[in-house]
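Colleague: I have a model open here and would like to go through it with you. Could you take me through its helix and strands, please?

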Amino acid sequence: MILTYDPWSDGATLSGGSWAAALPLANLQRLPLAAVARSTSAAEAATQMTVDLGRPRKLSAWLLGPTNLTAAYRYRLRGYAGALTDEVFDSGRLQPMAADRAGLGWDAPRYWSGLTDGSALPPLWLVHVFAARVNARSWRLELSDVVNPAGYVEAGRLFLGRSWRPSTGVAVQGNGHEVEDATWRSPLLGGGQHVRARRGARICRFGFDHLPDDEAFGDVLDVMARAGYAGEVHVISDPADGPVRMQRRAILGRITRMDALTLAHWRRAATGFEITEILA
């Protein structure tokens, strides 16, 4: 699990590419998600950006979304110790939604398109998980989605911040994922109902039974203090998730429940969280 919070990117200098004057890169540094940054075209020269955090910061994941990216998008991410100098990370050119053709028959749509079907997924996030924290001051993101039918690329939030990677697995009890019921219902005099479907927020619950004391009263207490109930957090349930499951389970949200840190046994503590997705 990776929980990202207290985004340094909100105070970063964003530049590069070609972005609409009315929908600039600065929109990525604040809510609402509907106030997007939008490129002036889908050309690769327009859909890139540089992020200068001011000084080196250790990141566990690079997060951008929600976007209007199609399943055909590709990207390259590079990190630098200085202001775009002294490269310390290069992802290479990646296509995260590429389909695995192994075991597919020739009549399967993914066999011919080479892409994972994203039609049933929420708007795509670019989620790049680092094998180990990368300490970099500046970043260059090169996006490629030239076949995007909208003719541009847009995104709602850039989220590069502090992170907590729990050292133990989640507790068996009390963890899970669900979608809240946001259905609008109105009773009728005749006994029926008017029902209108609305998108419900995803909810992620998790807890820990035996976190080391240093971690509980260090990283966990820091999450509680810095994010609280008002700040945004991003949770990746399993960094090893494949592209489809990553899109379904990783969410940007707010903490809607956090349990007190309790002393479970000798030098071990227990706690739990509930995170509810931010939809707008």
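Modeller: Let me begin with H2, whose buried residues are Glu215, Ala216, Val220, Val223 and Met224; buried means under 20% relative accessible area, exposed over 50% and partly exposed in between, with a 1.4 Å probe and protein chains only. Helices (H or I, at least four residues) and strands (E, at least two) are DSSP runs, numbered from the N terminus. This is a predicted model, in which local features need pLDDT of at least 70 and side-chain atom pairs count only at pLDDT 80 or more, while totals for chains, interfaces and linings use all residues. Residues are numbered from 1 along each chain as its sequence is written, and side-chain values use heavy atoms, with hydrogens and water left out.

Colleague: What covers the buried residues of H2?

Modeller: The cover includes strands E1 (2-7), E9 (161-164), E13 (202-212), E15 (251-258) and E17 (268-277).

Colleague: And where does H2 bend?

Modeller: The bend is at valine 220 and amounts to about 25°, taken as the angle between axes fitted to the seven residues ending there and the seven starting there. Just after H2, glycine 228 has a positive phi of about 55°.

Colleague: Switching to E4, how many of its residues are buried?

Modeller: In E4, 14 of the 20 residues are buried, so the strand is largely enclosed by the rest of the structure.

Colleague: Which strand is joined to E4 by 12 bridges?

Modeller: That is E7 (residues 126-144), which runs antiparallel to E4, and in E7 valine 127 is the bridge partner of leucine 63. Two strands count as paired if DSSP finds at least two bridges between them. E8 (residues 154-159) also pairs with E4 in the antiparallel sense, over four bridges, with arginine 157 of E8 as the bridge partner of glycine 65. Three bridges join E2 to E4, again antiparallel, and serine 15 stands opposite threonine 50 in E4.

Colleague: Which peptide bond is cis with omega near -10°?

Modeller: The bond from glycine 65 to proline 66, and proline 66 is found in E4 (residues 48-67). The bond from leucine 31 to proline 32 is cis as well, with omega near 5°, and proline 32 is found in the loop between E2 (13-15) and E3 (37-38).

Colleague: Last topic, aspartate 86: buried or exposed?

Modeller: Aspartate 86 counts as exposed because its relative accessibility is 57%; this residue is in the loop between E5 (74-80) and E6 (87-90) and has a positive phi of about 60° although it is not a glycine.

Key: Contact means heavy atoms within 4.5 Å.
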